[in-house]
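Welcome! Try each task before reading its solution.

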2 protein chains.
Amino acid sequence: MASGHLSREEALACANSRHACHVMLYCDTKAQLFGRFPIKHVVLMQIRFDGLLGFPGGIVEPSKETLEAGLTRELLEEVGMAIPVSEEDHVNASYGPPSSSSPSSSSSLILHFYVKKITEEQIKEAELAAVSAAADHGLEVLGTVRVPLYTLRSGGGLGSFLSHTFIGNARSQLLDAILRLNLVPAHKVYKALTHALQGHKRSSEDLRAALAMIEDRGGQRL
Amino acid sequence: MASGHLSREEALACANSRHACHVMLYCDTKAQLFGRFPIKHVVLMQIRFDGLLGFPGGIVEPSKETLEAGLTRELLEEVGMAIPVSEEDHVNASYGPPSSSSPSSSSSLILHFYVKKITEEQIKEAELAAVSAAADHGLEVLGTVRVPLYTLRSGGGLGSFLSHTFIGNARSQLLDAILRLNLVPAHKVYKALTHALQGHKRSSEDLRAALAMIEDRGGQRL
């Protein structure tokens, strides 16, 4: 997951590139699920307009503003709070997929990823602002969610969350960050990924059954 | 998806059963994504403590309260608002999976599903209450999200959302409800499911790559 990474400076030196900046906001917490399972950390992600899970952020034009000023502007739109993000919060940059709208375009998309630790109070403020103040609420952003980093006895928690569908490299960014910050030890991340693959397989079977049911009802016609 | 359904009365007549009630809250909307794509309807779901997508609700004990009173109580805990749900909102009931905590238990779990149309204003109030007033926020509920029922030119929207991982029969309940209420025509649901399966396949490959990466780092040990 660390392959093909660029530094902030290397990325900005790439001519004819577009830049997108996203940030993982997180905090520590003493809260306990069911009064006994320590939650330890809260990480924020969101369901985007396209139905996928991703981190808040968006396209920034370095000719008009710094990457960090652009990201802070995106946070104001999506989270409803102008949380300041600085150069020190930059983790890495990587090349995104070729543009699907203009595949012949020579301009590549560079994805900048930031991580910023804030307080638990700020996380709660952000969740509230996201539904009460953010211009994008119900439009570009369909909801803000906390990522469970724990694993329950049933195997649920991080593993089930990782089995969802993410935009671009957002799942890798999440995994990279929780490993680098040691929010979850590597052997537990490994177990969670194993659980994610199992849940994913059952989900495939369910999806195929749903598709067959609609076919029976004639839903594939028209 | 309509197989094995019981009416409310049939379900309540089953001796030695436990009952869980969940509700799909939804509204119509004139809002447009990017100022031009009609969103048409807002459907609420949530990310649960176990990382899975589901509808708000929970276990109800019919010996102590009506199913609907129990569901309204659960909504107060999870959504932060006592939205009254009535018998007329009951759609169907079905048998849940055998209890994983006590597989030898003879008591089966019956899943009751309700659909309730509320106003767009009430949806916004519910989203706000879910993060500001609900006792379960950040604990049993990790976030409230709107389900995109539209399909974008990229194929994203409902299709991507359906590729996530859901608790129990929640995805079937969602599909059943949007077809029955004609919120999305059957041929568009079919296309969305086809898109979901494609995204799901890519996601499997990503998960396997992530697992291999952690193996390389020695994460499977310990």
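**Exercise 1.** In this predicted model, find what covers the buried residues of helix 2 of chain A.

*Solution.* Start with the cover: it includes strand 2 (17–28), strand 7 (57–60), strand 9 (108–117), helix 3 (120–132) and strand 10 (141–147) of chain A. The buried residues of helix 2 are A:Leu67, A:Glu68, A:Gly70, A:Leu71, A:Thr72, A:Glu74, A:Leu75, A:Glu78 and A:Val79. Now trace the helix itself: residues 67–79 of chain A span 17 Å from first C-alpha to last, close to the expected 18 Å. Finally, step just past its end, where A:Gly80 has a positive phi of about 85°.

**Exercise 2.** Decide whether B:Thr151 is buried or exposed.

*Solution.* First locate B:Thr151 in the loop between strand 10 (141–147) and helix 4 (158–162) of chain B. Then count neighbours: B:Thr151 has 21 C-beta neighbours inside 10 Å, so this residue counts as buried. Leaving out residues up to four places away in sequence, its contacts are B:Gly157, B:Leu158, B:Gly159, B:Lys188, B:Lys191 and B:Ala192.

**Exercise 3.** Work out which element gives the largest share of the side of chain B that touches chain A.

*Solution.* Begin with the totals: 59 residues of chain B contact 59 residues of chain A. Elements giving two or more residues on the chain B side include strand 5 (41–48), helix 5 (170–180) and helix 6 (186–216). Helix 6 of chain B gives the largest share, with 19 residues. To finish, sort that side by class: 29 residues are nonpolar, 22 polar and eight charged.

Terms used
Residues numbered from 1 in each chain as written. Chains lettered and ligands numbered in written order. Predicted model: local features only at pLDDT ≥ 70, side-chain atom pairs only at ≥ 80, totals over all residues. Helix = DSSP H or I, 4+ residues; strand = E, 2+ residues; numbered from the N terminus. Buried ≥ 20, exposed ≤ 12 C-beta atoms within 10 Å, placed from the backbone. Contact = placed C-beta atoms within 7 Å. Nonpolar A, V, L, I, M, F, W, Y, C, P; charged D, E, K, R; others polar. Expected span 1.5 Å × (residues − 1).
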